[in-house]
Structure formats: structure tokens, C-alpha cells
Amino acid sequence: MPLYKTVNVNNTTQVLIWKIEESFDDLFSEIDLTDASKNRVEGMKSDLHQRGFLSIRHLLNLVGYTDHDLIYDEFGKPHLKDGKYISITHSFTFTGIIVSSDTPVGIDIEKRRDKIVKIAHKFTPIEEYKSIANHDALVSKLTIVWGAKESLYKIYGKKKLLFLNHMYIEDFSFDTDQTTGKILYEGQTSEYEIKFLEIEDFTCVYAY
């Protein structure tokens with residue numbers, strides 16, 4: 001069971017990360033899926049997507065839930081039937097969840113790739129990062145900013161937020177492993193704590 005990492009954020013919030021190494025059959029044989037989830041898995045064309053979907057159900061089991069406890073709203077945002085907050089992410093060979101009993105949460109895992117520099121202007125004022133001379137450091141920082149905004153987007157849970165205009169990530173140092181983020185939308189501002197960690201060639205960011 002490749003549970004890669006567990007992070008106890010505080011007394012009420014926990015992050016679990018899975019590294020996908022098992023076969024589809026191994027993952028499928030050990031969990032109980034709803035009919036809707038079975039149909040969803042069968043409709044996936046990618047074996048890795050299928051295994052990612054199943055590994056998330058294993059993560060649910062580790063925190064005391066099953067696939068039957070997970071429901072999705074009209075915007076595709078996941079919820080737990082008991083009212084606790086959850087967010088889910090999948091990127092290539094890693095999946096993750098964050099669960100909290102008392103605060104909205106969001107999580108994102110991204111593979112660090114050079115192409116993020118080319119699209120940075122679409123989600124953040126790139127001039128804020130032009131002072132970073134080291135290319136790898138720039139990729140790492142922009143990946144964190146993207147992951148932070150993706151996490152905030154998941155917390156908000158609707159489709160109208162714009163990454164460039166409606167979300168702001170406070171500048172940060174790699175040494176601190178944390179920052180803050182704001183959603184500024186329709187005259188309202190909400191602020192969240194953001195933490196990040198690098199795992200192999202990936203970056204995990206979560207907000208709460």
C-alpha cells in the first residue's frame with residue numbers, strides 16, 4: 001500500500017498523498033464502488049486515470065470513508081455526506097486528498113514542467129517573478145503559485161473565478177513552505193493559509 005505521505009496540518013485537518021504503483025486489478029479488488037463510480041472508471045480511456053481514481057478511494061478508506069460517502073455537486077466539487085470538507089487531486093503517478101472537520105480546503109498536485117513559464121502570464125503578474133534568475137527556481141515558484149490558485153479555485157467550488165483577476169498569492173520564500181492567498185470576488189475577500197511541499201518531480205499545495 002504505497003501511502004506516500006501523511007501531513008497532519010492541525011488537529012482537524014489532514015493531507016494524504018498516494019504514489020500509484022499497483023495494477024488496476026490490485027486497486028480495484030480491494031474497494032467497494034458505487035455503480036456510478038464503476039461506470040465512471042469503465043469510461044476512462046487512460047489506465048493511469050483509472051488507477052488514480054481508484055487510489056483516491058483507497059485514501060478515503062484510510063481516513064474512515066468509502067466511495068459511498070463521497071458525493072459531487074452540480075459544479076463537480078466533492079463533498080462528504082457527514083458534512084466534513086474534502087478536496088481531491090491527481091497528477092500522473094500521484095494522488096492526494098485533504099480532509100477537514102471544520103474548514104473549507106483545497107489541494108493540488110502538479111508536475112514541475114518548463115511550460116509553466118510560458119503560460120505564467122495567464123494566471124499571475126509575471127513581472128513579480130522576473131527577479132528570479134535561476135530557471136529551476138522560477139519553475140518551482142510558478143508551480144507553487146499555480147497550485148495555490150488551483151487550491152483556492154477548488155475551495156470556491158464554482159466556475160466563474162479567474163486565476164489572474166480574482167485570486168492573489170502573497171509572495172513567499174521557499175524556506176518557509178507556506179504563504180497566504182486571497183479570493184477577491186464580487187466585492188468580497190476571503191483569505192486562506194497555504195502550504196506547499198515538493199515530492200520527487202511534483203509539487204503539492206494545499207489551502208485551508
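Lys149 is found in helix α5; helices (H or I, at least four residues) and strands (E, at least two) are DSSP runs, numbered from the N terminus. The model is predicted: local features need pLDDT of at least 70, side-chain atom pairs count only at pLDDT 80 or more, and totals for chains, interfaces and linings use all residues. Residues are numbered from 1 along each chain as its sequence is written, and side-chain values use heavy atoms, with hydrogens and water left out.

- Lys149 counts as buried, with 2% relative accessibility; buried means under 20% relative accessible area, exposed over 50% and partly exposed in between (1.4 Å probe, protein chains only).
- Its side chain reaches the backbone oxygen of Phe123 at 2.6 Å, and a polar atom of the Lys149 side chain lies 3.1 Å from the backbone oxygen of Met167.
- Both are polar contacts, that is, pairs of N or O atoms within 3.5 Å; within protein, one must be able to donate a hydrogen and the other to accept it, and residues adjacent in sequence count only if both atoms are side-chain atoms.
- Not counting residues up to four places away in sequence, Lys149 touches Phe123, Thr124, Phe163, Leu164, Met167, Tyr168 and Ile169, where contact means heavy atoms within 4.5 Å.
- Helix α5 has 22 residues and spans 32 Å from its first C-alpha to its last, close to the 32 Å expected at 1.5 Å a residue; the expected span is 1.5 Å times one less than the number of residues.
- Of the 22 residues of α5, 17 are buried, and the helix is mostly covered.
- At the N-terminal end, Asn134 caps α5 through a side-chain oxygen 3.0 Å from the backbone nitrogen of Asp136.
- Just after α5, Gly157 takes a positive phi of about 80 degrees.

**Helix α3**

- Helix α3 has 16 residues and reaches 23 Å from its first C-alpha to its last, close to the expected 22 Å.
- Its N-terminal end is capped by Ser46, with a side-chain oxygen 3.2 Å from the backbone nitrogen of Leu48.
- Gly64, with a positive phi near 90 degrees, follows α3.
- The buried residues of α3 include Gln50, Arg51, Phe53, Arg57 and His58.
- Asp47 is found in α3 and is partly exposed at 39% relative accessibility.
- The side chains of Asp47 and Arg51 make a polar contact at 2.9 Å.
- An α-helix has 3.6 residues a turn, so residues three or four places apart point the same way.
- Asp47 and Ser23 are 24 residues apart in sequence, with 9.0 Å between their C-alpha atoms.
- His58 lies in α3 and is buried, with a relative accessible area of 7%.
- Leaving aside neighbours within four places in sequence, His58 is in contact with Trp18, Leu27, Glu30 and Ile31.

**Largest pocket**

- The largest pocket has a volume of about 580 Å³.
- Of the 26 residues that line the largest pocket, Arg40, Gly76, Ile88, Thr89 and Lys154 are the closest to its centre.
- Two or more lining residues come from each of α3 (47–62), β5 (85–91) and α5 (135–156).
- The lining divides into twelve nonpolar, eight polar and six charged residues; Ala, Val, Leu, Ile, Met, Phe, Trp, Tyr, Cys and Pro count as nonpolar, Asp, Glu, Lys and Arg as charged, and the others, Gly among them, as polar.
- On a 1 Å grid over the protein atoms alone, a pocket is an open set of points where a 1.4 Å probe fits, with protein on both sides within 12 Å along at least five of seven lines, and lining residues have an atom within 4 Å of a point.
- Grid points are joined across faces, edges and corners, and a volume is the space filled by probe spheres set on the points.

**Loop residues**

- Arg112 sits in the loop between β7 (106–111) and α4 (115–119) and is partly exposed, with a relative accessible area of 21%.
- A polar atom of the Arg112 side chain lies 2.5 Å from the backbone oxygen of Phe202.
- Beyond four places in sequence, residues touched by Arg112 include Val139, Ser140, Thr143, Glu198, Glu200 and Asp201.
- Arg112 and Lys122 are ten residues apart in sequence and 17 Å apart in space, C-alpha to C-alpha.
- Glu200 lies in the loop between β10 (188–199) and β11 (202–207), and is partly exposed at 42% relative accessibility.
- Although not a glycine, Glu200 has a positive phi of about 55 degrees.
- Asp177, in the loop between β8 (167–169) and β9 (178–185), has a positive phi of about 60 degrees and is not a glycine.
- Asp177 counts as partly exposed, at 39% relative accessibility.
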